[in-house]
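Have a look at the sequence and the model first.

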Amino acid sequence: MCARPCGPCPWRRDNADRKRYGNLPEYAAGTIPGEPGFGEPVDGDPQAALGTRFACHHVSSGNPHVCAGHVAVVGREHPLVRFGVILGLIDPAALKPGEDWPPLFDSYQEMMTAVGPDAPLPPGTELVQR
């Protein structure tokens, strides 16, 4: 798991002015509480046996890490994250933003509105596809 949100993390509020994530709904499939497929493995996901997870946008897809922003905002609601805490694989402190972290969106819906594929694309905004 990542120690803190990376630069291109979609959960960071400061990315609302500079990035859009065109495939965010597909990327987040099965990882967002209250959304369709929550907790179900995604076809073709190499981690399907472990259930789904929201991987870091900065770490290579060949060596994925769980997104720190995702865990801090909605991780406590995911059964596998809770199981990881119980087993001692995930530090309970990861379930809330660190003191020195950039501000994060409060929910998936807020993040999607600000940086998702339907968010306005101001000039100079980078479209992230991963």
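Among contacts in the protein between residues at least 6 apart in sequence, what percentage join residues at least 24 apart? It's 67%, where contact means heavy atoms within 4.5 Å.

A quick note on where this comes from: this is a predicted model, in which local features need pLDDT of at least 70 and side-chain atom pairs count only at pLDDT 80 or more, while totals for chains, interfaces and linings use all residues. Residues are numbered from 1 along each chain as its sequence is written, and side-chain values use heavy atoms, leaving out hydrogens and water.

Helices (H or I, at least four residues) and strands (E, at least two) are DSSP runs, numbered from the N terminus.

| Feature of the protein | Value |
|---|---|
| Helices | four |
| Strands | two |
| Buried share of the 130 residues | 42% |

Buried here means under 20% relative accessible area, with a 1.4 Å probe and protein chains only.

Now for the inside. A nonpolar core is a set of buried Ala, Val, Leu, Ile, Met, Phe, Trp, Tyr and Cys residues joined through side-chain atoms within 4.5 Å. The largest one has 25 residues, and Trp11, Leu24, Tyr108, Met111 and Val115 touch the most other members. Two elements, α2 (68–74) and α4 (108–115), each give two or more residues to this core, and α4 gives the most, with five. Leaving aside residues up to four places away in sequence, Met111 touches Pro10, Trp11, Leu24, Phe105 and Gly116.

How values were computed. Buried means under 20% relative accessible area, exposed over 50%, partly exposed in between (1.4 Å probe, protein chains only).
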